[in-house]
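Good morning, and thank you for joining. I shall speak briefly about a few local features of the structure now being shown.

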Amino acid sequence: MSAKKSAIIIGGGLGGLFLGAFLAKNGLQISVLEKNRIIGGGLQCFVRNKKMFETGMHVMGGFEHGGSLHKLCNYLGILDSLNIQHVPEECIDELYFANDKRSYRIPSGKKNFIEALSRYFPNEAQGIRKYVDALFEITEELPLFNLNEVTDSLEIHSEQFTEPADKLISRYIVNRDLQNILAYLNPLYGGVKGHTPAYIHALINVLFIKGASRFIGGSQQLADALAGVIKMNGGEVIPDSEVCSINVADGKITSLNTVKGLSYSADYVISTIHPAYLSKMLPSGAFRRSYTQRLNEIKNSCSAFSVYIDLKPGSFKYIDHTCYHISDSDRIWNQNQYNRSGKIESFMYMTPPVNQQGEFAEKLLIYAVMDFDEWKRWEHSKLGKRGDDYESLKLKYQESILDKLEESYPGFREKIAGIYTSSPLTIRDYYHTKNGAIFGYLKDSDNLNYSHIGTRTRISNLLLAGQNVNMHGICGVPLNALYTAEQIIGRNQLIREINEVYNKS
């Protein structure tokens with residue numbers, strides 16, 4: 001029906017929508033198939049008591065001037081439509097360690113970051129500077145992170161790039177308290193001591209050292225803006241369209257089938273969902289047996305438990321940065337191992353801004369990393385039908401968090417108008433990710449090749465994107481989408497155009 005090349009994208013989350021926008025803007029006929037009734041994945045929001053709550057993207061890096069997301073959204077023409085608040089540079093994160101009742105305020109900006117930590121730990125000033133320099137050097141080893149063109153030369157990474165993140169920190173820092181402080185962002189990448197590669201740690205930390213931002217009025221606006229780019233260029237975004245099977249002939253996908261009985265076909269198919277789920281949709285033999293086995297054996301990152309609090313009007317002061325409550329500084333790594341058995345030891349929380357934000361907050365969001373294991377007994381249950389024991393466990397975790405908030409804010413419970421919670425099972429079912437993994441596959445410095453999933457597959461017209469490929473998160477996933485789009489459009493073509501448009505503007 002059209003001379004245009006066409007592509008079907010499985011998954012209408014952050015990666016699928018960015019990918020669809022890139023390809024649609026460059027002349028492809030795009031159809032995005034999303035299993036949920038609301039598009040956006042981690043961007044999607046829900047409404048309770050006429051208030052909108054974000055499910056995933058609470059704080060972001062990369063939206064500062066010159067940042068990668070700033071450039072991507074500028075290229076797509078949606079930057080001015082996004083209502084974004086940049087977190088004041090004097091404090092983007094505040095850490096409270098309950099075991100010694102100490103607090104630390106972390107600023108943005110490389111110079112500010114180094115100077116602030118040097119004031120807290122003057123004897124470590126030289127090591128802090130070297131450590132921060134090392135973080136920025138590591139990110140230079142990934143051209144895509146800085147939207148630099150990829151060359152033909154073989155990638156050879158430094159020793160620091162692949163060593164465990166905790167080892168990188170201890171290479172420059174002696175003080176144990178400071179070592180723990182420098183690892184405080186690991187809930188944003190599921191950091192595991194001795195295993196998470198330093199480059200993952202560096203990417204996230206550099207992103208936030210450069211600056212942090214938040215959506216005013218919810219992250220759904222980014223999903224809607226990206227869908228608008230796709231539609232404006234003749235494409236479609238179809239919610240409530242879960243793909244259940246994929247037909248393959250002669251090493252090529254011929255069609256996809258949805259649970260509603262509809263069939264779709266295109267020149268390219270790009271999956272942004274968890275590869276283990278994708279493999280189940282394909283006929284036997286479509287992937288090599290060893291590849292399918294690896295997709296199912298790679299360890300997944302941790303999941304999360306979230307609490308959404310509707311605050312009584314005028315009861316709780318608005319906080320313009322993210323806060324971290326950490327029960328024990330020596331447990332900064334592997335927090336998911338201590339957030340279990342009905343108790344939460346550490347969590348992050350924030351008061352999202354709204355339009356015409358005043359002195360008081362409307363809501364408070366709480367996020368705690370957690371393993372999936374404790375919820376496995378309900379893994380075959382459905383949303384809303386998990387039983388009283390499930391609800392009882394959620395209540396225990398909720399009360400554990402509220403107990404700790406009471407320590408910092410006496411009388412906090414009296415400020416609550418409504419409270420809602422979600423478990424790793426909720427994440428699994430809404431995000432369609434194995435074991436509710438919030439960061440996709442766990443990257444392991446012991447065997448990086450085993451946990452690496454490439455963009456191309458042995459099926460000639462099937463490509464992969466999403467958080468299980470290369471990088472994850474609010475910045476990593478769009479960059480993965482860019483890389484996958486260039487497999488179709490042409491290498492470095494998009495990167496070149498994005499930078500040209502930014503330089504002109």
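Let me begin with Asn49, which counts as exposed because its relative accessibility is 54%, above the 50% cut-off. Please bear in mind that this is a predicted model. Asn49 sits in the loop that links β3 (45-48) to β4 (51-54). Its phi is near 55 degrees, a positive value in a residue other than glycine.

A second residue can be set beside it. Asp240 is placed in the loop between β10 (236-238) and β11 (243-249), and its phi is likewise positive, near 55 degrees, in a residue other than glycine. Asp240 has a relative accessible area of 32% and is therefore partly exposed.

I turn now to helix α1, residues 14-25. How many of its residues are buried? The count is 11 of 12, so that α1 is mostly covered; among the buried residues are Leu14, Phe18, Phe22 and Ala24. As for length, 12 residues at 1.5 Å a residue should span 16 Å, and the end C-alpha atoms of α1 are 17 Å apart, which agrees. After α1 comes Gly27, with a positive phi near 95 degrees.

Finally, a helix pair. Helix α2 (residues 68-76) packs against helix α16 (residues 493-504) at an angle of about 85 degrees, and their axes are 9 Å apart. The two helices are therefore roughly perpendicular to each other. On the α2 side, the contact involves His70, Lys71, Leu72, Asn74 and Tyr75; on the α16 side, Leu494, Glu497, Ile498, Asn499, Val501 and Tyr502. By class, this contact comprises 6 nonpolar, 3 polar and 2 charged residues.

Definitions and conventions: Residues are numbered from 1 along each chain as its sequence is written. This is a predicted model: local features need pLDDT of at least 70, side-chain atom pairs count only at pLDDT 80 or more; totals for chains, interfaces and linings use all residues. Side-chain values use heavy atoms; hydrogens and water are left out. Axes are lines fitted to C-alpha atoms, for helices over the stretch in contact, and angles run from 0 to 180 degrees between N-to-C directions. Helices (H or I, at least four residues) and strands (E, at least two) are DSSP runs, numbered from the N terminus. Angles under 35 degrees count as roughly parallel, over 145 as roughly antiparallel, 65 to 115 as roughly perpendicular and the rest as oblique. Contact means heavy atoms within 4.5 Å. Ala, Val, Leu, Ile, Met, Phe, Trp, Tyr, Cys and Pro count as nonpolar, Asp, Glu, Lys and Arg as charged, and the others, Gly among them, as polar. The expected span of a helix is 1.5 Å times one less than its number of residues. Buried means under 20% relative accessible area, exposed over 50%, partly exposed in between (1.4 Å probe, protein chains only).
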